[in-house]
Amino acid sequence: MSSQTARPAPTRGLALRLASLGIALVLVALFPLVITNALYVQFAVLTLIYVAAVSAWNLFSGYSGYISLGHAVFFGVGAYTVGLVTQHWHVLGGDIFALLPLGGLAAAAVAVPFGLIALRVRRHTFVVITIAIFFIFQLMAFNFNFTGGVNGVSTPFFLWLAGSYNTPFYYVAMIIAVGTILLSWLIRGSRFGLQLLAIRDDEDRARGLGVRPMQVKLTAFAISAGITGMIGGLWWFYIGQALPETAFNPVLDLSLALMAFLGGFGTLAGPVLGALLLEPLQQYVSIQSTNGYYGQIFLGALFLLVILFLPRGIVPVASERLTSWRARRERRGQPPTGRVTAAAPSAAVAPAAGRGVGPGTESGTPSAGSVR
Amino acid sequence: MGRQLSEAITDGILGGGVYALMAVGLTLIFGVLDIINIAQGILVVLAAYLSYVLSVHLHIDLFVGLLVTVPAMFVIGVAIHWAFIRPLRGRERTSMSLLASYAVAIIIEGLLYLFFGSNYENLRAWYVTSSVKVLGFYLNYIYIFGFALAIVLVLALYITLYRTQFGRSIRATMQDRTAARLVGIDVNRVAALTFGIGVAVTAAGGMVFGATGGGFNPNTGYDLISRLLAIIILGGLGSIAGAMVAAIFMITLEGVVDVLWSPSWSVVVFYAALVLVLAFRPRGLFGRTAARAQ
């Protein structure tokens, strides 16, 4: 998102942007050193876990347009893999962090057959199949012997003090989150990322232009799944227990979609913003209300409000406003020649980045009906 | 084993009739509006609770209670469409409506928890507890009555769809929305009424489900919707005949696996059958060929 608007902007703007990103990173890194309240740090760890998870989700769903409501499968597979390997090899303490890539690998390995089946169908069928496959996995976690059934998998003892318990988790979550955002940014600008976006805008046309949709979608799906698996492993280590209904949790899928849509589906900064806004809010609501169902109703109502009144998300709308405001200010301040042409591409690119609305997609609807 | 098997098959066919009814509502909504109503599962549970309230507190017979619950569910369906589905516009409409109906589902689930708690309830009546001997084994009356009800309602739907002017406009909208609008069909009205009808059938489905299933609580909605989704995808999205065949097939398969293998795996086999079919035939058994792009 930011790279799109940065291109026509002068270098001073880019420097400013990089500086503010650097400051934000330093602030995030200093957070557990300044804030010593364990509860707040706990909120922050969970928020970072969600920032990473939603960025990973967006890397596939946001870029390709295939909305996955089955990412809890990868989360759960990662959690169970790390948990079971820890138990089996008797790994202790901080060494467990080294097992996280294993959880990611397991999740990516699951994603390949999952994707080979689910990605063959149309977009809305894909959503439904991800839900179905999710239920298969939850049931398997309940039914197999090696998963511990309803008792799940618990962590062994810890080796560090309760006072600074959160700190290592915080930094590992931060590294994964920053890494995922960086990867999303790199992919967005790459040839691979452009192919993904082309698939989102018009899959048949992309195929006609030489993109191999299955290969591209499956690669993105596996990358996204791998990261989600690592996060699942980290979550298991942090919470200390994985149960079939918490590791394979349908609310996780819904939360990820909600965060991405609130911030801006398919943008880079939007999902991060969505997670930063929603996860602390959800934690707060769940602590304030004695009854968990109020939190659930609240989540659903918020989701409906976002879909109805802010369907494109905060970031695309805000950046469009900013662009048009800048263009207007520059037109007033200076002679229009030159400046307008500089502002025009950014105005044209910004909506395309947010929604990908093109003339071809509108004309596609009636012809789709007649083909049937 | 042989008798258990034939019992499982009979139960599957009779129980599948109710699922067919609920699945037809879901696939009808998909066919006309191009959206998947994730809330269908929890609406079935809501309807079961409505029947429960009517029978326990007002002592109205379950089948007589349908005279109240069917119109009530119809109104709820039209209201959901009006408030949350109709306003959605633009390219991501299908995905958005799916998420919107998911959000509606979790709100209804939360409300049901607040009102009724998480205890499992059962619908009770004389025909639920007493049984009749058929072909050497006992069968509860509710299975027979429920199956008969399902047949009557599916027939009514069939007649509405294929023998009335309104049904013709529904089918026209399913085939081509733009062309239907061009020949003067009020597509929005058709969409609203179809959504209402699709939800109204859950009233009957919920009543029979609440009386025959192993009890229901607000969480049962997830189980129901995942089964219904599997059924309509297997049958081919938008295909009414496909939904009915797939419902009977899947519920029977589940019952057979239940007897031959283990109850805890029967649900997994249910979804595995779906995945297997889709691996070879992505559009389902009776599905139309995929249209361009979406």
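Predicted model: local features only at pLDDT ≥ 70, side-chain atom pairs only at ≥ 80, totals over all residues.

Trainee: Why is L33(B) called buried?

Mentor: The label requires 20 or more other C-beta atoms within 10 Å of the residue's own, and L33(B) has 25 C-beta neighbours inside 10 Å, so L33(B) counts as buried. L33(B) is placed in helix α1 (residues 2-33) of chain B, and, leaving aside residues up to four places away in sequence, L33(B) touches I85(B), A191(B), T194(B) and F195(B).

Trainee: What is the distance between the C-alpha atoms of L33(B) and A20(B)?

Mentor: Those C-alpha atoms are separated by 20 Å, with the two residues 13 apart along the chain.

Trainee: How do you know that the radius of gyration of chain B agrees with a compact globule?

Mentor: A compact globule with 294 residues would have a radius of gyration near 19 Å, and because chain B has 19 Å, the value agrees. Along its principal axes, the C-alpha trace spans about 60 × 50 × 35 Å, and buried residues make up 51% of the 294 residues in chain B. Of the contacts in chain B with a separation of 6 or more, 77% come from residues 24 or more positions apart.

Trainee: Which elements does chain B contain, and in what order do they run?

Mentor: Chain B has 12 helices and 2 strands, and from the N terminus the order is α-α-α-α-α-β-β-α-α-α-α-α-α-α.

Trainee: What describes the packing of two helices?

Mentor: Two packed helices are described by the angle between their axes and by the distance between those axes. For helix α2 (residues 40-57) of chain B and helix α9 (residues 187-212) of chain B, the axes come within 7 Å and cross at roughly 65 degrees, and the crossing is right-handed. Among the residues making the contact are L43(B), A47(B) and S51(B) of α2(B), together with V199(B), G206(B) and M207(B) of α9(B). By class, this contact has 10 nonpolar, 6 polar and no charged residues.

Trainee: How many residues of chain A are in contact with chain B, and which helix of chain A gives the most?

Mentor: In chain A, 46 residues are in contact with 45 residues of chain B. On the side of chain A that touches chain B, α6(A) gives the most, with 13 residues, and by class that side has 28 nonpolar, 10 polar and 8 charged residues.

Technical notes:
Residues numbered from 1 in each chain as written. Chains lettered and ligands numbered in written order. Helix = DSSP H or I, 4+ residues; strand = E, 2+ residues; numbered from the N terminus. Rg over C-alpha atoms; globule rule 2.2 N^0.38 Å. Buried ≥ 20, exposed ≤ 12 C-beta atoms within 10 Å, placed from the backbone. Contact = placed C-beta atoms within 7 Å. Nonpolar A, V, L, I, M, F, W, Y, C, P; charged D, E, K, R; others polar. Axes fitted to C-alpha atoms, helices over the stretch in contact; angles between N-to-C directions. Left-handed = near helix turned anticlockwise from the far one by under 90°.
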